[in-house]
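Hi there,

Here is the structure I promised to pass on to you. Have a look at it first, and then read on for what turned up in it.

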Protein chains: 2
Amino acid sequence: MAAVTYELIHVCKQTGARLGRVHTPHGSFDTPVFMPVGTQATVKGMSPDELKEIGAGIILSNTYHLYLRPGHELIKKAGGLHRFMNWDRPILTDSGGFQVFSLAELRDITEEGVTFRSHIDGSKHFLSPEKSIEIQNALGSDIIMAFDECAPYPCDYEYAKKSMEMTTRWAERCLKAHKNPEKQALFGIVQGSVYEDLRRESAKQLTAMDFPGYAIGGLSVGEPGEVMMEMLEKTVPYLPENKPRYLMGVGSPDYLIDGSIRGIDMFDCVLPTRIGRNGTVFTSKGRIIIRDAKYAEDFSPIDEECDCYVCRNFTRAYIRHLFKAGEMLGLRLATWHNLRFLIRLMENIREAIRNDCLGDFRNEFFRKFGYDTKTGI
Amino acid sequence: MAAVTYELIHVCKQTGARLGRVHTPHGSFDTPVFMPVGTQATVKGMSPDELKEIGAGIILSNTYHLYLRPGHELIKKAGGLHRFMNWDRPILTDSGGFQVFSLAELRDITEEGVTFRSHIDGSKHFLSPEKSIEIQNALGSDIIMAFDECAPYPCDYEYAKKSMEMTTRWAERCLKAHKNPEKQALFGIVQGSVYEDLRRESAKQLTAMDFPGYAIGGLSVGEPGEVMMEMLEKTVPYLPENKPRYLMGVGSPDYLIDGSIRGIDMFDCVLPTRIGRNGTVFTSKGRIIIRDAKYAEDFSPIDEECDCYVCRNFTRAYIRHLFKAGEMLGLRLATWHNLRFLIRLMENIREAIRNDCLGDFRNEFFRKFGYDTKTGI
């Protein structure tokens with residue numbers, strides 16, 4: 001029995017988007033889903049109970065960060081990441097690849113793996129497919145990710161091809177290294193930059209290995225939104241219908257909707273938490289900067305249409321005051337609202353899929369929200 | 001009908017400590033009580049619901065800070081401080097006096113009041129008995145404090161005498177300026193530094209004005225604990241039995257117990273929240289610094305005897321990790337636990353008073369906790 005299975009419930013007749021459910025050893029979650037990011041074993045500012053209250057079905061945590069601090073061995077001693085952070089619902093961990101490649105000047109890539117220096121203390125480390133899986137096995141997350149190379153954007157065809165091919169070889173090594181497939185599902189990651197034939201080839205090579213789920217990586221790295229959508233359209237058809245599909249690093253409302261329409265089931269992004277801490281909050285009419293002077297005496301909630309604890313209890317004027325005064329509660333409330341906003345958006349997307357009207361929902365949402373073609377990070 | 005009344009329920013036969021209940025327009029709270037401090041209209045890191053969950057019966061907020069930011073007029077427009085911060089239980093505001101006197105180089109005291117410069121932007125302001133009451137009337141707190149001069153420690157007799165006498169004259173001006181006595185109770189503040197006769201004289205002068213409650217100010221400013229306790233013993237007998245007695249700025253466990261034993265009903269202090277943010281937490285066996293390396297693999301709760309959300313759900317190892325990683329949740333959890341620790345201590349003190357055994361409770365508590373003669377700030 002596979003650790004993680006995907007149940008297809010309904011396909012939207014208007015758009016082709018999928019309503020589904022993913023079953024894991026720590027329970028099930030409905031898809032399309034947005035996964036809040038808990039980089040260092042905590043979704044910044046949120047308690048586990050609050051994450052449940054806003055309806056988070058699964059969260060993501062970062063292998064790179066946990067490996068460096070507090071260390072995967074310590075987390076293993078604590079009984080695994082779920083117990084360490086007191087989160088009993090599903091967890092997905094990334095492979096650490098994206099983070100070490102982002103270190104730019106601090107890393108060196110070879111076929112064997114990546115040598116890098118810690119952003120914390122400059123100490124030297126080595127991450128490989130085998131090491132990444134070893135760490136993720138120790139963490140005990142329900143879904144673990146293959147160690148891939150996330151090619152930068154822009155990226156020439158030759159580099160993208162070589163990188164994609166190495167990612168396939170690394171995926172094979174990850175499969176071999178994986179010690180715990182009956183409790184942790186290893187997802188493969190499709191690469192290939194913005195080249196249709198490379199994406200197709202990557203998808204074919206990985207699906208031949210029969211992973212329990214597939215991610216699409218290397219997007220939302222600076223390319224135009226239209227290119228991202230085109231790549232989804234060229235890649236998704238080569239992914240099996242009976243496995244979940246995860247678009248990595250995407251979390252702006254527009255891409256959550258448009259990704260769902262292209263058959264994506266899972267998304268993650270630091271966007272809602274990061275912009276929240278900077279004082280930017282989502283509303284049904286678009287983003288607003290809550291620190292702005294114009295909200296000083298605005299005694300309405302962040303979003304009249306929102307059902308979250310923050311919007312039921314606090315005004316824009318109060319939250320602005322908290323930000324101006326440097327109060328932690330301001331960061332908490334903005335984060336809380338933004339996460340609930342995206343999770344509620346996903347609930348609405350699922351409802352629209354069920355009712356075969358995600359296209360209509362999309363148009364209505366964008367009419368009020370305003371279209372945002374930025375990647376949103 | 002007075003805005004605030006005190007109901008004496010029981011006097012501990014072993015110690016003379018008082019079990020009581022204070023009734024306010026926003027409900028009642030049991031005494032002796034510890035009031036968490038919400039300086040800028042928020043108890044740092046805590047939501048109002050969390051404060052209720054830990055049993056906070058009343059909180060304190062600071063007039064000086066709210067006057068400067070966001071301004072009392074804005075809070076009045078919001079419907080008062082309760083509505084602004086979404087706290088529907090009692091609030092006590094201080095007068096701003098302690099803060100402006102603490103500005104040292106930035107203020108100038110005359111009989112009329114205090115001219116000072118804002119710690120935020122250096123702008124010039126004037127605070128007087130009348131202005132302080134005007135601000136507190138706008139805030140709408142249930143208990144407001146007279147504008148007093150908190151003499152420094154040490155302080156020579158002549159200065160202390162003059163200062164105490166001015167505080168009495170200022171208390172009269174506060175009474176006259178108070179616009180809302182049927183909804184907000186104005187407490188007088190006994191001063192007199194560490195001089196027994198001045199304390200007695202101050203208490204006599206203020207009680208003659210018949211305030212609905214009395215604070216003892218100017219203690220916990222650096223004097224030895226024995227001196228603080230002596231001053232309480234010399235002052236409390238001159239305060240009426242049918243009014244609440246509030247010892248300002250005190251919040252270490254030892255002084256909460258020993259103050260209660262000397263007839264004090266109300267306490268406030270930033271101690272639990274401030275040391276919590278620095279990574280120091282209370283346990284039944286004394287304070288520990290949760291950041292210490294020795295807790296890295298300690299998978300027990302902060303305090304085995306504690307009933308709080310934090311101790312029921314998180315380990316020392318996890319909270320240490322949050323602090324080391326600079327995560328907001330660490331500050332939240334340490335604050336949360338420390339506040340619950342003190343509020344539970346007050347619950348235990350009240351129970352011991354009811355059972356006429358506060359002296360026994362004191363000895364048992366100190367035996368485990370270790371006596372701490374520091375003022376704790």
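In strand β2 of chain B, B:Arg18 is the bridge partner of B:Val11. Strand β1 (residues 5-11) and strand β2 (residues 18-24) of chain B run antiparallel and are joined by six bridges. Two strands count as paired if DSSP finds at least two bridges between them. Strands (E, at least two residues) and helices (H or I, at least four) are DSSP runs, numbered from the N terminus. β1(B) and β2(B) make a hairpin with six residues between them, and B:Gly16 in the turn has a positive phi of about 90 degrees.

Before you go further, please keep in mind that this is a predicted model: local features need pLDDT of at least 70, side-chain atom pairs count only at pLDDT 80 or more, and totals for chains, interfaces and linings use all residues. Residues are numbered from 1 along each chain as its sequence is written, chains are lettered from A and ligands numbered from 1 in the order in which they are written, and side-chain values use heavy atoms, with hydrogens and water left out.

β7, β8 and β9 form an open sheet in the order β7-β8-β9, with antiparallel pairing. β7 (107-109) and β9 (124-127) of chain B are at the edges with a single partner strand each, so one side of each has no neighbour in the sheet. From one strand to the next, the twist averages 15 degrees. Angles run from 0 to 180 degrees between N-to-C directions, and axes are lines fitted to C-alpha atoms, for helices over the stretch in contact. Four bridges pair strand β8 (residues 114-117) of chain B with β9(B) in the antiparallel sense; B:Phe116 has B:His125 of β9(B) as its bridge partner.

Further along chain B, strand β15 (residues 280-283) and strand β16 (residues 286-289) are antiparallel and pair over four bridges. There B:Phe282 is opposite B:Arg287 of β16(B), and a hairpin of two residues links β15(B) to β16(B).

Chain A has an open sheet to look at too, with three strands in the order β1-β2-β3 and antiparallel pairing. Its edge strands are β1 (5-11) and β3 (27-31) of chain A, each pairing on one side only. Helix α14 (residues 328-354) of chain A packs on this sheet and touches β1, β2 and β3 of chain A, and its direction makes about 120 degrees with that of β2(A). Contact here means heavy atoms within 4.5 Å. β1(A) pairs with strand β2 (residues 18-24) of chain A over six bridges in the antiparallel sense, and A:Tyr6 has A:Val22 in β2(A) as its bridge partner.

Next, two helix pairs. How do helix α10 (residues 253-261) and helix α15 (residues 358-369) of chain A pack? Their angle is about 165 degrees and their axes are 11 Å apart, which means that α10(A) is roughly antiparallel to α15(A). (Angles under 35 degrees count as roughly parallel, over 145 as roughly antiparallel, 65 to 115 as roughly perpendicular and the rest as oblique.) The residues in contact include A:Ile257 of α10(A) and A:Phe365 of α15(A).

In the other pair, the axes of helix α8 (residues 196-207) and helix α9 (residues 225-235) of chain A come within 9 Å and cross at roughly 40 degrees. α8(A) and α9(A) are therefore oblique to each other. Among the residues in contact are A:Arg199 of α8(A) and A:Met231 of α9(A).

Most residues other than glycine have a negative phi, and most peptide bonds are trans. The peptide bond from A:Tyr153 to A:Pro154 is cis, with omega near 0 degrees, and A:Pro154 is in the loop between β10 (143-145) and α7 (157-177) of chain A. Another cis bond runs from B:Thr31 to B:Pro32, with omega near 5 degrees. A:Ser220, a residue other than glycine, has a positive phi near 60 degrees and lies in the loop between β12 (214-216) and α9 of chain A.

Enjoy exploring!
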